[in-house]
Amino acid sequence: MSFKIYPPEPGEIDPKFQMDTRFLYKNLEKIFTLCPVSAIFNTKTSEMFPVNVEEMNAKTGIQFKIEEMPANGIQSFLSNPCVFVAGIENGKLQFSLGNLRSVGAASLACDIPVNAALIQRREDFRVPAPPDKAFKALIFFSIGKEMIADIVDISDEGMQLDLRLGATEMEVGTIWTNCTLERLKARTAPFDLIIQNTRPSPTETSRIRVGVKLHQPTKLNLNEFVSTRTAIQSSRLNRRINYWYQDTSWC
């Protein structure tokens, strides 16, 4: 049987992808219950082989079932630094393996990791907006005229918006100026958006989904979008999505 496995992310991992150590054990448990395609990677030889997480125990560590034995055996993996990597829906999970050891003919075990990273698959990876009705995007057209847009998802440099069909011009390439993100009385600095794509709403024929990207953003615009996306992703991962705004730079 052929297994599609992935090498770990090379180089230094961006701190924004590090999982919160306070909730690391519970979040690893949650990920492992989904049985992601996983592998153990030998950082010295660049060899790798597929494994499945069989068990996770706070005292005895993580136990793996070897799905396909490496061609040259497992000894080099036991004697060299190794990394665990799992392909998940939006990217990959990876962490260094401490005290990797054989515990059976086709089983390995390691200590519970001290830290781990969830790495997004692409730079424009979008996270679903929080279930917070106070979180909106304001699109300004002229003095006294604005449109409130529901945010479907958000990335470091863009959003997908849910809008009323025909509310305004929504052609690809259209630029909206002086827009902001809003939550209650808090607002980001104004920014410009350019429409990248449009498609019908999957739920209502009277609405439309519009994909937009920051147009000529300032450093502050980029920082506030990254802060927002990171706060939502982190709060969802750590099961405190209702308090996502507490970690943003502008709320």
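This is a predicted model: local features need pLDDT of at least 70, side-chain atom pairs count only at pLDDT 80 or more; totals for chains, interfaces and linings use all residues.

Reader: Where does Pro 7 lie?

Author: In the segment before helix H1, which covers 24-32.

Reader: And which residues is Pro 7 in contact with, leaving aside neighbours within four places in sequence?

Author: Phe 41, Met 48, Val 85 and Lys 92. As for Glu 47, its C-alpha is 9.2 Å from that of Pro 7, with the two 40 residues apart in sequence.

Reader: Switching to the whole chain: what's the secondary structure?

Author: Three helices and 16 strands. The C-alpha atoms fill a box of roughly 70 × 35 × 30 Å along the principal axes.

Reader: How much of the chain is buried?

Author: Buried residues are 43% of the 251 in the chain. The accessible surface is about 13,600 Å², and carbon and sulfur atoms account for 50% of that.

Reader: Cores next. How many residues are in the largest nonpolar core, and which have the most contacts inside it?

Author: It has 29 residues, and Met 159, Leu 161, Leu 163, Trp 176 and Leu 181 have the most contacts inside it. Among the elements that each supply at least two residues of this core are strand E12 (158-164), strand E13 (175-183) and helix H3 (219-237). There's another core apart from it, with 26 residues, including Ile 31, Phe 95, Leu 100 and Leu 108.

Reader: Back to Leu 163: what is it in contact with, beyond its sequence neighbours?

Author: Past the neighbours within four places, Leu 163 is in contact with Met 147, Ile 148, Ala 149, Met 170, Trp 176, Arg 207, Ile 208 and Val 210.

Reader: Last topic: what's the volume of the second largest pocket?

Author: About 200 Å³. It is lined by 13 residues, and the closest to its centre are Ile 13, Val 83, Gln 94, Phe 95 and Ser 96.

Reader: Which strand gives the most to that lining?

Author: Strand E5 (residues 91-96), with three residues. By type, the lining of the second largest pocket divides into seven nonpolar, five polar and one charged.

Terms used: Residues are numbered from 1 along each chain as its sequence is written. Side-chain values use heavy atoms; hydrogens and water are left out. On a 1 Å grid over the protein atoms alone, a cavity is a set of points where a 1.4 Å probe fits but cannot get out, and a pocket is an open set with protein on both sides within 12 Å along at least five of seven lines; lining residues have an atom within 4 Å of a point. Grid points are joined across faces, edges and corners, and a volume is the space filled by probe spheres set on the points. Helices (H or I, at least four residues) and strands (E, at least two) are DSSP runs, numbered from the N terminus. Ala, Val, Leu, Ile, Met, Phe, Trp, Tyr, Cys and Pro count as nonpolar, Asp, Glu, Lys and Arg as charged, and the others, Gly among them, as polar. A nonpolar core is a set of buried Ala, Val, Leu, Ile, Met, Phe, Trp, Tyr and Cys residues joined through side-chain atoms within 4.5 Å. Buried means under 20% relative accessible area, exposed over 50%, partly exposed in between (1.4 Å probe, protein chains only). Contact means heavy atoms within 4.5 Å. Accessible areas come from the Shrake-Rupley method with a 1.4 Å probe; for residues, only the protein chains shown count as cover.
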